[in-house]
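Here is a short report on the structure shown below.

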Amino acid sequence: MTDVNAALRRTRIGDRETAQGETERAVRRGAWPVAETPAGRTTGWWGMLLFICTEAAMFACFIASYYYLRFSTDGSWPPVSDKLPHRIVPGIGTGVLVLSCLPMFAAVRTSRKSRAVTFPLLVLVTLAGTTFVVLQAVDYMQEYPSSTPSKDAYGSLLFTLTGLHAFHVGIGVLMMLLVLGGQLARGFKKPQAGATRVMAMYWYFLAVLAVAIYITVYLTPYIM
Amino acid sequence: MTQLTPPRTGTDADIETLSTVADSLEASTRYDVLPERGAAEATVGAALDAEWEEEPGLWGFITTVNHKRIGRRYLVTAGFFFMLAGINALVMRTQLAGPNNSIISPEIYDQLFTMHGTMMIFFFATPFNSGFGNFFLPLMIGTRDMAFPRLNALSYWIFLFSGIFMFTGEAMRVAPDAGWFAYVPLSNEYSPQLNLDFYSLGLLFLAVSSTVGAMNLVITFLKMRAPGMSLNRVPPFVWGIVTQSFMLVFALPPLDLANLMLFLDRRLGMRFFDTAKGGDAVLWQHLFWLFGHPDVYIIVLPAMGIVSSIIPTFSRRSILAYPYVVLATVATGIISFGVWVHHMFAVGLSDVSLTFFSAATLTISVPAGIQMFAWLGTMWRGRVVLSPAMLYAMSFIITFVIGGVTGVMFAVVPFDQQVTDSYFVVAHFHYVLFGGAVMPMLGGLFYWWPKLTGRMTSHKGGVISAVLIFVGFQVTFFPMHIQGLLGMPRRIYTYPAGYGWGTYNLIETIGAYVLAFGFLWTLFVFAQSLLSGPVAPDDPWGGNTLEWATGSPPKAYNFPVIPTVHSLNPLWDGRTLQSMVDHRHDDQRTMTEVHRTLRTSELDGRIERVMSMPGETVQPLLVAAFLTMTVCFLLADIMLAAAVAVGLMGLVIAWWMWNRPEIDEPAP
Ligand code: HEM
Ligand SMILES: [Cu+2]
C-alpha cells in the first residue's frame with residue numbers, strides 16, 4: 001500500500017522504462033505533407049460542404065413551404081387576382097447558370113496545371129452568374145403589377161424564394177471575384193486550386209437550386 | 001502489489017485495486033505535473049511558449065482566437081444570461097406565490113415568461129454547451145485549437161452582441177411577449193410594437209453565431225483528432241457535441257426561415273402567415289417545431305456527454321457499452337427530426353399524422369434508455385466516488401428519468417390533449433431542461449473547474465451546492481405536475497383563490513428561493529476557489545481523457561507534443577502519455593516553428609499534414625460589430641444604413657478570406 005505512486009504510474013503509463021531507450025532519437029521530417037498518405041480533404045472543403053448543407057436545408061424548407069401553402073389554398077394557383085408567371089426569361093437565366101457549371105468544372109480540372117486557362121474560364125462563370133441575377137430582376141419587372149410581394153401569399157412566395165436564391169448567386173459572384181482577385185494579385189504560381197475547388201462546390205449547388213426553384217415557382221403553376 | 005491493468009478490462013480485482021488508487025488520489029499523493037508532460041515541456045515548451053504567446057492587455061482581449069479563452073467567455077456570458085433569465089423566473093414565481101397577486105402587470109408577465117424561455121433556451125443552454133465544446137473538444141481530441149479559430153471568435157462576439165440586443169429590448173419594456181414559440185397571428189398582426197421584431201431579428205442574429213460555431217466544431221472533430229484517435233476512440237462527450245452541432249446545421253434553417261418570413265410579414269406586409277390572403281398560420285408551427293424538437297436534444301445531448309465524462313472517472317472504470325452509447329447519441333439526433341408534430345397534437349391535424357408522430361415519439365425514448373442503462377451499469381460495475389460532479393450526474397439521472405416518463409405520457413395523444421398548455425407541461429420541460437442540462441452543466445463545472453481555472457473547489461462546498469440545487473429543484477417543480485392535473489393553465493399572470501392551486505404555488509415559490517440560494521452558494525464556492533482555492537494539479541481526479549494530459553489551466557498550445565492515442569481511455573492505457581515523451585524530438589509532433597497543428601484523416605485519424613493556424617486578429621470583432629449595426633438599423637427601419645453596414649461587413653469578410661493562413665503553405 002505504500003507504493004501507490006508506483007502503482008499509479010504503472011496504471012497510467014505502462015512500460016515507460018522499456019520504451020525509454022528510443023526516446024532520445026530526434027526526428028526531423030520537415031513537417032510538411034506526409035508522403036505516404038493521400039492529401040485528404042481540407043478543412044475548407046468540409047466547411048463549404050456543411051455550409052451547403054445548412055443552406056440546402058433552408059431552401060428545402062422554403063420549397064416545402066411553397067407546396068404547403070399551394071396545397072392548402074383552395075381554388076386556382078396562382079389565385080385569380082394574379083397572372084401565371086413568365087416562364088421564358090427566368091428559364092433562360094436558369095439555363096445560363098446551369099451551363100456555367102461546364103466552364104466551372106473545366107476550371108477546376110485545369111487549375112492545377114494550366115492557370116492561364118483557368119482564369120478566363122472563371123471570368124466566364126462570373127459573367128454567367130451576373131447574367132442570372134440581371135435576368136431575375138427583369139423577370140420581377142414582368143411579374144410586378146400583377147403579382148406583388150404583399151398582395152397575397154403567392155406573390156410573397158414568388159418574390160422571396162427567387163429573391164433569396166438570386167441573392168445567393170450574387171454572393172457567389174462576389175466570392176468568385178475574390179478568387180479571381182487572388183489569382184491576379186498573387187500570380188498564378190501560388191496554389192489557388194483549393195479555392196477554385198471549394199468555390200465550384202458552391203456554384204454547382206446554386207445551379208441545382210436554380211433548377212429546383214424554377215420548376216417549383218415557374219413551371220408547377222402551369223401543370224397543377 | 002499486483003500488476004495493474006487498465007480499468008476497462010474491469011474484473012473485480014482490478015476494480016478493487018483501482019479504487020484504492022483512486023482513494024489515495026484523494027489523499028493528495030497525485031502528481032502536480034504529469035511526468036510525461038513535464039518531459040515534453042522541458043524539451044519544446046520554451047519554443048512553443050514564444051511562438052504561441054498572446055498579446056497582453058485590452059488589444060489581446062479583443063483579438064484573441066484562442067479556443068480556451070473563447071470557451072471560458074462563452075461560459076461566463078451564457079452563465080450571466082442564465083442569471084438574468086433566472087431573475088425573470090424568480091419575479092414570476094414571486095407574483096404567483098399567492099392568488100390574486102398584482103406585483104406585476106399582465107403585460108410585463110407576458111414579457112417575463114417569453115424572455116425567460118427564449119433566453120434560457122437560446123442564450124443560455126445552447127451556448128453554455130458551446131462553451132464546454134469550445135474549451136474541451138480540442139483538448140479531448142488532442143489538438144491545439146479549433147479548425148477555424150477566427151470563426152470561433154466571430155461566433156462568440158455575435159453571441160454576446162445578440163444577447164445584449166435581446167436584453168436591450170427587455171430594458172426598454174418592449175421585449176418579445178408572445179411566448180418562446182411566438183405563434184402567429186398573436187406574434188404578427190396583434191403585436192404592432194417592436195416586441196416581436198426583437199424576437200425575429202435577435203434569433204436570426206444569434207443563428208449566425210450558432211451555425212458557424214457548429215460547423216467549426218464538426219470540422220475540428222473531423223480533421224484535427226490526434227493521430228490514432230479513430231472514430232471508435234472518440235470520447236462520448238465529443239460525440240455529444242458533434243451530434244449536437246450536426247443537428248444545429250440542419251435544425252436552424254427552418255427556424256431562420258420562419259423568422260425571416262415573420263419579419264417580412266410584419267415589416268414589409270408579406271402574407272406568409274396571413275390566412276385571409278392565402279397564407280397559413282400553422283406553417284409557422286411546423287417550421288418552428290421542426291427546429292424546436294431537435295433543439296431539445298441540441299441542449300440535452302452535449303449535457304449527456306458531460307455525464308458520460310463524469311461517470312467513468314468517478315466510477316473508476318471505462319464507460320459500459322461505449323458503442324451503444326455512441327449509436328444512441330447519433331440515433332437520438334436523427335430520430336428527433338421526425339417527431340415535431342407532437343407539439344401540435346391539439347392543433348387539429350389529421351388522425352394519420354397524429355398516429356404517426358405519436359409512434360415516432362415513443363421510439364425516441366429507446367436510445368435515451370440505452371444511455372441510462374449504460375450509466376447505471378458503469379456505476380454498478382465500478383467503484384463510485386461521491387464527488388460534487390458525481391452527485392450532479394446522479395441528480396441528472398433521477399431528474400431526467402422523471403422528465404422522460406412524463407415525456408412518454410405526452411406521446412399518447414388523448415393524454416396530451418388533456419394536459420397541453422397546463423402546468424403539467426411546465427413541470428415536464430423543466431425536468432428535462434433543468435435536469436437534462438443545468439444539472440450536468442453544473443456537474444461539468446465542478447468536474448472541469450481545475451482545468452478551466454487552475455484551482456480546486458471545496459469538496460464540502462460542492463456537495464452542499466449539489467444538495468441545495470437538487471432539493472430546491474424538486475420542491476419547485478414537482479408540485480407543478482399535480483397543479484397541472486388540477487387544471488392550472490400555464491402563462492397566466494395570476495389566478496383566483498378557491499381552485500386548490502394556492503398551496504402548490506406557495507410551495508413552488510419557496511422552492512424557487514431555495515434554488516436561488518443554491519445558485520448563490522454555488523457562485524460563492526467558485527469565487528472562493530478562484531480567490532483562495534488550492535492550485536490544481538494536471539490530473540486531479542485521475543481522469544481518462546486527454547484534457548487531463550495538459551496543464552491546469554492548459555498552455556496556449558495545449559499539447560507540447562501531439563500524442564498518439566492508443567485507446568478510448570488514453571490516460572489509462574499507459575501508452576498514450578508515453579508517446580508524448582517518445583515523440584518530443586519529432587518536429588512533426590511538436591511543430592515549434594509557427595502556429596501549426598496536425599491535420600488527420602476523418603475516420604482513422606491518420607496524419608495527413610501539418611496545418612498552419614491564423615494568429616490574433618481584430619477581423620471577427622469587426623464583422624460582428626457591423627452585423628450588430630445591420631440588425632439595429634433593421635430594427636429601427638433605416639434600410640439605407642443597414643445596407644451600408646452590410647457592405648462594410650462584406651469588405652471585412654473579403655479581407656478575412658484574403659489572408660487565409662494556408663495561402664503560404666506549399667502545394668499539397
Ligand atoms: C432557474 C430555475 C427556473 C425557474 C424558477 C423557472 C420558472 C419558470 C416559470 C415560473 C415559468 C413560467 C410558467 C408560465 O407562466 O407558463 C417558466 C417557463 C419556462 N421556462 Fe423556466 N424556470 C427555471 C429554469 C429554466 C431553465 C433552465 C430552462 C431551459 C433551459 C427553462 C425554460 C423555460 C421555458 C422554455 C419556459 C416556457 C416559456 C413560455 O411559456 O414561453 N426554465 N419557467
Ligand atoms: Cu418535442
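## Salt bridges in chain B

B:E41 and B:R37 join their side chains in a salt bridge, with N and O 2.8 Å apart. This is a predicted model. The two residues sit four apart in helix 2 (residues 35-52) of chain B, so about one helical turn separates them. B:E41 is buried, because its relative accessibility is 13%, under the 20% cut-off. B:R37 is buried too, at 8%.

A second salt bridge pairs B:D197 with B:R267; their closest N and O atoms are 3.3 Å apart. B:D197 belongs to helix 7 of chain B and B:R267 to helix 8 (residues 236-268), so this pair ties together parts 70 residues apart in sequence. B:D197 is buried, with a relative accessible area of 3%. B:R267 is partly exposed, at 21%.

## Further charged pairs

B:D604 and B:R606 also form a salt bridge, and here the closest N and O atoms lie 3.4 Å apart. B:D604 is partly exposed, with a relative accessible area of 38%. B:R606 counts as exposed because its relative accessibility is 51%, and exposed means over 50%.

Salt bridges also link B:K223, B:R599, B:E602 and B:E608 into a network. Over all chains, the whole structure holds 14 salt bridges.

## The ligand site

Which residues are closest to ligand 1? They are B:Y109, B:H116, B:W180, B:H430 and B:R491, out of 21 residues that surround the ligand. That shell divides into 14 nonpolar, four polar and three charged residues.

Polar atoms of chain B approach the ligand at several points. The side chain of B:Y109 has an N or O atom 2.7 Å from an oxygen atom of ligand 1. In B:H430, a polar side-chain atom lies 2.8 Å from a nitrogen atom of the ligand. B:R491 uses its backbone: a polar atom there is 2.6 Å from an oxygen atom of ligand 1. Three elements of chain B each give two or more residues to the shell: helix 4 (67-96), helix 5 (106-141) and helix 15 (423-453).

## A nonpolar surface patch

B:F80, B:M83, B:I87, B:V91, B:L520 and B:L523 make up a nonpolar patch on the surface. Together they have about 540 Å² of accessible area. Helix 4 and helix 17 (502-532) of chain B each contribute two or more residues to the patch. Helix 4 gives the most, with four.

B:I87 lies in helix 4 of chain B. B:I87 is partly exposed, with a relative accessible area of 43%.

## Two single residues

Where is B:S187 found? B:S187 sits in the loop between helix 6 (149-171) and helix 7 (195-223) of chain B. B:S187 is buried, at 0% relative accessibility. Its side chain reaches the backbone nitrogen of B:V184 at 3.4 Å.

B:V296 has its place in helix 9 (residues 281-315) of chain B. B:V296 counts as partly exposed, at 24% relative accessibility. B:V296 and B:A512 are 216 residues apart in sequence, and their C-alpha atoms are 23 Å apart in space.

## Chain A

Chain A has eight helices and zero strands. From the N terminus on, its elements run α-α-α-α-α-α-α-α. The chain has 224 residues, of which 49% count as buried.

Key
Residues are numbered from 1 along each chain as its sequence is written. Chains are lettered from A and ligands numbered from 1 in the order in which they are written. This is a predicted model: local features need pLDDT of at least 70, side-chain atom pairs count only at pLDDT 80 or more; totals for chains, interfaces and linings use all residues. Side-chain values use heavy atoms; hydrogens and water are left out. A residue is near a molecule or strand if one of its heavy atoms lies within 4 Å of it. A polar contact is a pair of N or O atoms within 3.5 Å; within protein, one must be able to donate a hydrogen and the other to accept it, and residues adjacent in sequence count only if both atoms are side-chain atoms. Ala, Val, Leu, Ile, Met, Phe, Trp, Tyr, Cys and Pro count as nonpolar, Asp, Glu, Lys and Arg as charged, and the others, Gly among them, as polar. Patches are made of residues with over 30% relative accessible area and no salt bridge: like charges are joined within 9 Å, nonpolar side chains (Val, Leu, Ile, Met, Phe, Trp, Tyr) within 5 Å. Accessible areas come from the Shrake-Rupley method with a 1.4 Å probe; for residues, only the protein chains shown count as cover. A salt bridge is a side-chain nitrogen of Lys or Arg within 4 Å of a carboxyl oxygen of Asp or Glu. Buried means under 20% relative accessible area, exposed over 50%, partly exposed in between (1.4 Å probe, protein chains only).
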